[in-house]
Amino acid sequence: MPAPVHALELILPDRRRVALVDEVTIGRAAETMVRLADPTVSRLHAVIRSGGDGAAVLSDAGSSFGTWLDGQRVDAPTPVQAGSRIRLGDAELVVDRRRGDDEAGHTLVVEPSATVATSIGQRPRMRPGYALKRLDAREGNRRWVLKDLRSGRFVRLSGDDAELVSLVDGSRSLAELVGEAERLQGPGGPARLTLLLAALGARGFLLGADDERPHAGRLTRQLAWSGAADLFDGVYRHGGAALLSCRGLLALGAVATIGLAVFAFLVIGRYGTPFVVAHKVGLGAVVFLLGRLAVAAVHETAHGVVMASFGRRVREAGVKLVLIFPYVYVDTSDAWFEPRRRRIAITAAGPASDLCLGGAFALCCLAAGPGALRDVVFQLASGAYVGAFFNLNPLVQRDGYHILVDALREPGLRRRASAQLRSRITRGPRATDSPVLNRYALLCVMWSALGASVAVALSLRYEAALARVVPAPVVWSAMSLLWLALFVPVFALVGAPLLQRLRR
């Protein structure tokens with residue numbers, strides 16, 4: 001009798017899956033069904049009992065270090081569900097459920113160290129080190145995600161493409177691959193196979209293809225930490241879960257909303273000046289840059305903690321030094337294996353943390369009296385809001401752009417919207433006339449104009465100080481050139497197509 005769709009499975013640390021049927025014993029002893037070679041695990045540590053309806057109950061079997069379910073110690077039989085995290089000593093297991101054909105499937109992982117059979121001749125095969133997963137049906141036709149575990153590069157595939165990927169294992173020649181593709185998918189199979197091989201080769205997924213992974217140049221240095229996932233898991237268990245609860249999110253939302261209004265009041269009331277602390281521009285610039293680095297670290301941590309809340313582990317984190325400017329990063333590329341709503345939550349966590357920190361610093365600045373302390377807190381608030389504005393910019397492929405792409409289900413959003421806006425302005429031929437693309441293009445224009453206007457307003461604060469050093473005409477000329485540069489994105493979106501139309 002087939003197992004019900006909602007039947008549960010236990011994911012072991014080595015990624016093996018064990019179906020939770022009848023009674024599953026867990027421990028260090030050889031006779032247990034799930035054996036964990038960990039000295040902190042008792043010989044018979046815990047038992048999971050399942051019923052015919054797919055429900056399961058976890059019990060501690062008198063272990064030395066106890067059994068924990070989602071951060072709570074198990075003192076009595078406790079139900080488990082999909083997403084539950086079970087800790088036995090230092091070992092952690094995750095409960096998942098079996099998926100139906102219309103749902104997201106499990107991730108098929110081929111480790112970089114895996115061996116691949118080799119053959120004589122030109123036999124295409126996938127480069128070891130990739131993961132392939134089917135997302136849920138709401139993701140559309142291209143619901144399969146293929147990921148390069150080395151570079152983090154992704155390719156979205158259709159179901160037919162994913163079926164062909166399994167054939168590219170080096171055991172078939174090109175002629176044999178073409179014949180197999182035609183047998184499986186009919187007359188269109190060979191053409192689909194040709195396009196798939198070209199796409200995989202261009203992205204470095206095939207052995208022998210050029211690897212497009214960017215190499216760090218002399219001006220770029222990177223310090224990576226592959227054990228960052230444990231840190232984010234710890235942060236989630238010790239405080240992160242509370243912040244991500246309903247009450248925690250409401251409190252953070254209040255701080256972000258009130259703080260944004262307070263910061264606008266501070267700017268209008270001239271409570272502080274960007275890059276100026278104790279009337280010194282150099283000191284203010286140092287404080288601003290250090291504050292930006294700290295805010296960016298919290299920003300990336302927020303991505304990692306939200307990923308941990310969904311049971312995903314980041315691949316690595318670290319610090320990159322470009323020229324002389326450091327910035328932190330967290331590899332959250334595995335978020336593409338999650339459903340759309342979870343991807344949006346992981347992506348939005350970074351800008352949300354910027355807004356929350358900016359709000360907290362703005363409130364502190366309002367409460368502080370005149371002096372160096374208020375100047376420092378103002379720089380920290382400014383750094384947080386600059387980060388939020390940059391990351392939410394729909395023109396660049398940062399957090400805000402990716403949120404829109406997922407929310408609107410519009411891949412290639414920027415390119416397609418720019419092309420449609422140009423066609424509308426120049427009155428040229430249009431392949432489509434999508435209201436979504438029109439609204440996105442309008443948002444880009446408004447966002448660019450708003451950002452340039454705010455920068456112009458802030459730059460006026462330096463006019464008097466600069467006029468004491470150089471003649472006023474020089475100051476206004478330099479500031480005018482700066483303002484023109486700030487409005488270049490608006491001109492690129494609207495002005496250039498308008499000039500093209502006028503020439504016609």
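A residue is called buried here under 20% relative accessible area, exposed over 50%, and partly exposed in between (1.4 Å probe, protein chains only). The model is predicted, so to speak of local features takes a pLDDT of at least 70 and side-chain atom pairs count only at pLDDT 80 or more, while totals for chains, interfaces and linings use all residues. Numbering starts from 1 along each chain as its sequence is written, and side-chain values use heavy atoms, with hydrogens and water left out.

Of its 504 residues, 42% are buried. Taking contact as heavy atoms within 4.5 Å, residues 24 or more positions apart account for 57% of the contacts with a separation of 6 or more.

On to the aromatics: a search of the whole structure turns up six pairs. Rings of Phe, Tyr and Trp (its six-membered ring) pair if their centres lie within 6.5 Å, with planes under 30 degrees apart counted as stacked, over 60 as edge-to-face and the rest as tilted. F389 and W447 make a stacked pair, because their ring centres are 4.8 Å apart and their planes sit at 25°. This pair ties together distant parts of the chain, with F389 in helix α8 and W447 in helix α11 (residues 435–459), 58 residues apart. F389 counts as partly exposed, at 32% relative accessibility. Another pair, W476 with W483, is edge-to-face, at 6.2 Å centre to centre and 75° between the planes. W476 is partly exposed too, at 37%. Ring pairs also join F263, F378 and Y385 into a cluster.

F263 belongs to the buried set of helix α5, along with G248, A256, G259, V262 and L266. These buried residues pack against α4 (228–243), α7 (340–367) and α8 (372–391). Helix α5 itself covers residues 246–268, and its 23 residues reach 33 Å from first C-alpha to last, close to the 33 Å expected (1.5 Å times one less than the number of residues). After α5 comes R270, with a positive phi near 55°.

As for the strands, six of them form an open sheet in the order β2-β1-β11-β10-β7-β8, with antiparallel pairing; two strands pair if DSSP finds at least two bridges between them. At the edges lie β2 (17–19) and β8 (72–73), each pairing on one side only. Within the sheet, four bridges join β10 (residues 85–88) to β11 (residues 91–97), and R85 stands opposite V94 in β11.

Conventions. Helices (H or I, at least four residues) and strands (E, at least two) are DSSP runs, numbered from the N terminus.
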